Amino acid sequence: MKKCFLTLVLVSFFISCGKENESIIINPDDYHKAVDYVTQIMIHDIFSPPVASRIYAYPNIAAYEIIASQNKEYQPLSTQVTNLTSIPKSENPESINYKLAALVAHMEVSKNLIFSENKIESYRDSLYSIWESKNSSEFKASKDYGLQVAEHIILWMDKDNYKETRSMPKFTLNSVDPSRWQPTPPAYMDGIEPHWNKIRPFTLDSAAQFKPIPPPAFSMDKESKFYKELKEVYDVSNTITNTGDASEEIEIAQFWDCNPYVSVTRGHLMFAVKKITPGAHWIGITKIACKKTNSDFDKTVFAYTKTSIAIADAFISCWDEKYRSNLIRPETLINQYIDEDWKPILQTPPFPEYVSGHSVVSGAASVVLTGVFGENFAFADDTEVEFGLPIRTFKSFSHAADEAAMSRLYGGIHYMAAIEIGVKQGRDLGTFINKSLKMKTANK
């Protein structure tokens, strides 16, 4: 009996030792899930597109810096992006699972950027419980280091002027100049984030580094370029809505809508329909590309990080122009001068028209993703399936960006100049990021 008991004790001891020595496996899907979870929280919390871009960038940078500190294929972003210093080194590097630490850092920084902290805490704690049960010592060492890096990134993040812009005055309307932006139906919201150009960029020397040419001069003369572009919005909208069955152009407009501020009015009730932002759509495309190429954990973090930096700087660049030119939306002018009953296919977002945010962001993201995954990267985009929209296929990231840009004309919310000049602005910015950010040290 004593021998049997001793045998059981020894077996239990060796099993527990085996578990303690077994490394916790972290794979790319774990990172995809963490990013997806942040996206779902942002939809719930209804963040504006510029703010959402900030929420993606910092957690990815935190994870990337940990990976780059251990993988010689990647270079850290410290000294490359504005004011970022090197992350702290671990005192016990051999005891750390760096992929786990990267996930911990991602979740911790994300928690500091969203409103519904309890949601991410619940998700985090469920993972902590699993990891700790597999190898408690490795989990503790990795978690502690991930939190240490997160604190470093948060301190850097807190100096990007975001908090200061929260107390800056609202956008002041110009009721005298007929070319200036006015709030649009149905909610007539104030212009969002009028001070976003004061946010510290990641790679740009200033918000105005890629300042576009001015829009066509405002004029209601029917022979002017501006009026012709206004009439084009009206004519295109009427053409594609009078074809009977839903047209391809309407499908494109709806697929790329990505407006988190859609308001629905039913009687005396008004409520919001929650959707992803333009940046979130391209983050979803990043996931698709990573999965199609079976990218390992480190390349997955690299792809998300470079793309989210491009998206964030694109919003800073775009918003700098939006509130400089402060141009009126097509809906306002069409209702005043052409057709008082006309409505755009998409709901007009609450900020000035020029340049098109979708165009700038899509141009930048497409160039950076091409740099990561190559030219002519064909993919099926299922990002909008959960919102009831079908899959669309693209021959390349550039093809997707062109369609995203044109969707704004089909939707009735942008003039052609904002689309064409905006997508060029984004592509120029993306090309700059590809040249200036030295993140990859070898092509493998």
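User: Which residues lie nearest the centre of the largest cavity?
Analyst: P278, P349, F351, H358 and R408 do, out of 16 lining residues. On a 1 Å grid over the protein atoms alone, a cavity is a set of points where a 1.4 Å probe fits but cannot get out, and lining residues have an atom within 4 Å of a point. Keep in mind that this is a predicted model: local features need pLDDT of at least 70, side-chain atom pairs count only at pLDDT 80 or more, and totals for chains, interfaces and linings use all residues. Residues are numbered from 1 along each chain as its sequence is written, and side-chain values use heavy atoms, with hydrogens and water left out.

User: Which elements give two or more residues to that lining?
Analyst: Those are α11 (297–325) and α13 (357–373). Helices here are DSSP runs of H or I with at least four residues, strands are E runs of at least two, and both are numbered from the N terminus.

User: What's the volume of the largest cavity, and how does its lining divide?
Analyst: The volume is about 120 Å³, where volume is the space filled by probe spheres set on grid points joined across faces, edges and corners. The lining has nine nonpolar, four polar and three charged residues. Nonpolar is Ala, Val, Leu, Ile, Met, Phe, Trp, Tyr, Cys and Pro, charged is Asp, Glu, Lys and Arg, and the others, Gly among them, are polar.

User: How many cavities of 30 Å³ or more does the structure hold?
Analyst: Five.

User: Which element gives the most to the lining of the largest pocket?
Analyst: α10 (278–292), with six residues. α2 (28–45) also gives two or more. By class, the lining of the largest pocket has five nonpolar, four polar and five charged residues.

User: Switching to the core. Which residues have the most contacts inside the largest nonpolar core?
Analyst: W131 and W282, in a core of 139 residues. The largest share, 15 residues, comes from α11. A nonpolar core is a set of buried Ala, Val, Leu, Ile, Met, Phe, Trp, Tyr and Cys residues joined through side-chain atoms within 4.5 Å. Buried means under 20% relative accessible area, exposed over 50%, partly exposed in between, with a 1.4 Å probe and protein chains only.

User: What is W282 in contact with?
Analyst: Beyond its neighbours within four places in sequence, the list includes W256, I311, V361, L369, F397 and A400. Contact means heavy atoms within 4.5 Å.

User: A400, buried or exposed?
Analyst: Buried, because its relative accessible area is 0%. A400 lies in α14, and its C-alpha is 7.7 Å from that of S366, 34 residues apart along the chain. Leaving aside neighbours within four places, A400 is in contact with W256, W282, F379 and F394.

User: And how many residues of α14 are buried?
Analyst: 10 of its 14, and the helix is mostly covered. Among them are F397, E403, R408 and Y410. Just after α14, G412 takes a positive phi of about 80 degrees.

User: What do the buried residues of α15 pack against?
Analyst: α8 (225–241), α11, α13 and α14 (397–410). α15 covers residues 416–436 and reaches 30 Å from its first C-alpha to its last, close to the 30 Å expected at 1.5 Å a residue. That expected span is 1.5 Å times one less than the number of residues.

User: What about phi of N83 and N294?
Analyst: N83 has a positive phi near 65 degrees, and N294 has a positive phi of about 50 degrees. N83 counts as exposed because its relative accessibility is 56%, and N294 counts as exposed at 67%.

Definitions and conventions:
1 Å grid on protein atoms, 1.4 Å probe; cavity = no way out; pocket = protein on both sides within 12 Å on 5 of 7 lines; lining within 4 Å.
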